Amino acid sequence: EKLDALKREVAVAEDVLRRQKDALTDRVTKARAVLAQKNREAKKRVAVAERKLIEKEFARKRRMARGVKEIEAFLETQREKVVAREGQVASREEAIARRGEAVEQLVREARAYDIDL
């Protein structure tokens, strides 16, 4: 009788321990599932953030390239204006030189005229 009572007590204790083990196993399984879900969500957020960062970087580089092209176009127009101005200055210098020669010729003629008198 005592042996049967002890066996029943051990069986009850084993049953309680088995239930506790099963409960802990379920909690661990659920916790792992929750962590796995959170990990997947975190990876998705990181992927989205990386994609946005790449898009921002691409847009920034495109803006910079557009800015560089605009500056290059501006510099090219300025170069063209400088070349045109240099041409104008050169033609004016030629005209001044011709006028100087004409004035010198007139001065020579005037001196020659004075000498003739």
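1. A quick word on the ground rules. This is a predicted model, where local features need pLDDT of at least 70 and side-chain atom pairs count only at pLDDT 80 or more, while totals for chains, interfaces and linings use all residues. Residues are numbered from 1 along each chain as its sequence is written, and side-chain values use heavy atoms, with hydrogens and water left out.

2. On overall shape, the radius of gyration of the chain is 50 Å, whereas a compact globule of 117 residues would have one near 13 Å. That radius is taken over C-alpha atoms, and the globule rule is 2.2 Å times the number of residues to the power 0.38. Along the principal axes, the C-alpha atoms fill a box of roughly 170 × 15 × 5 Å. For a local view, take Thr77 and Glu94: they are 17 residues apart along the chain, and their C-alpha atoms are separated by 26 Å. Thr77 lies in helix H1.

3. How much of the chain counts as buried? The share is 2% of the 117 residues, where buried means under 20% relative accessible area, exposed means over 50%, and partly exposed is in between (1.4 Å probe, protein chains only). Thr77, for example, is partly exposed, because its relative accessible area is 36%. The accessible surface of the chain comes to about 11200 Å², and 60% of this belongs to carbon and sulfur atoms. Such areas come from the Shrake-Rupley method with a 1.4 Å probe; for residues, only the protein chains shown count as cover.

4. Next, the salt bridges: a side-chain nitrogen of Lys or Arg must be within 4 Å of a carboxyl oxygen of Asp or Glu. By this rule there are 6 salt bridges. Two of the pairs involve Asp15: Arg18 has its closest N and O atoms 3.6 Å apart from it, and for Arg19 the corresponding distance is 2.8 Å. Arg18 and Asp15 are 3 residues apart in helix H1, so about one helical turn separates them; Arg19 and Asp15 are 4 residues apart there, again about one helical turn. Arg19 is exposed at 56% relative accessible area, while Arg18 is partly exposed at 44% and Asp15 is partly exposed at 27%.

5. Further along, Arg79 and Glu76 meet in a salt bridge (3.3 Å, N to O). Arg79 is partly exposed, with a relative accessible area of 48%, and Glu76 counts as partly exposed at 37%. These two residues are 3 apart in helix H1, so they are separated by about one helical turn.

6. Leu75 is found in helix H1, which covers residues 2–116, and Leu75 is partly exposed at 38%.
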